[in-house]
Amino acid sequence: MFIPKLYKSEDYHLMREIIKENSFALLISSVDKIRATHSMMMLNEDDPENAYIETHISRANPQAKTLKNGDEVLCDFLGAHTYISSSWYDHINVSTWNYEAVQIRGKVEVMDHDELYAHLDKLTSKYESFQQCPMMVKDMGNAFVEKEMKGAFGIKVIPTEIFIKQKLSQNRKETDFNNIVSQLEQADDNARKIAEKMKQIKK
């Protein structure tokens, strides 16, 4: 990911927020050819000094058939994003896009049986906890879970590089910046979220 210095962030808390709120992300690899799979990802911080991404894809997926321990992959998370119209400036310029994103490049560690079970249990708990009648892994019956696990390929991605980008019109003068915020506050949820983020960086 290309990140001009103006938009580069090293805010770990921002990274956590983007991953948590946008966890259906892209797993990208290039072992034999470029492959990309959307998958549910979680940031494992059991050991905060050695945090990593965990995810799983179908064993029937050709990407799963190529990945092995030590292979390099890229996890791509797109956060809030919105269109910025050039009509909001007080001068002629180009339109653009404001957004937040995280990319984590890392090495694959294939999960063993117990790690995969723990991953699926945590993932299910995360999203089922808020359901009216939550269905947890422990409620599904061991035989069923074991059968389903045979079709899942779980991996840990141990980070080697982390990129955090926060492109929020930092290059605009105050009048244009404030007008962009005002315009975004009148638009959709994503736009309003970007507007709020823009106001935060000016505090």
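Modeller: Let us take Phe153. Phe153 lies in strand β7, residues 152–167. Helices (H or I, at least four residues) and strands (E, at least two) are DSSP runs, numbered from the N terminus. This is a predicted model, where local features need pLDDT of at least 70, side-chain atom pairs count only at pLDDT 80 or more, and totals for chains, interfaces and linings use all residues. Residues are numbered from 1 along each chain as its sequence is written, and side-chain values use heavy atoms, with hydrogens and water left out.

Phe153 counts as buried because its relative accessibility is 6%. Buried means under 20% relative accessible area, exposed over 50%, and partly exposed in between (1.4 Å probe, protein chains only). Leaving out residues up to four places away in sequence, Phe153 touches Thr55, His56, Ile57, Arg59, Ala64, Leu67 and Val110. Contact means heavy atoms within 4.5 Å. Gly70 is 83 residues from Phe153 in sequence, and their C-alpha atoms are 15 Å apart.

The buried residues of α3 are Leu116, His119, Leu120, Leu123 and Thr124. They sit on the same side of α3, because they cover an arc of only 125 degrees around the axis. That arc is taken from the directions from the helix axis to the C-beta atoms. What covers these residues includes β3 (35–44), β4 (52–58), α4 (142–149) and β7.

Now for a residue elsewhere. Asn190 is in helix α6, residues 189–201. Asn190 counts as partly exposed, because its relative accessibility is 29%.
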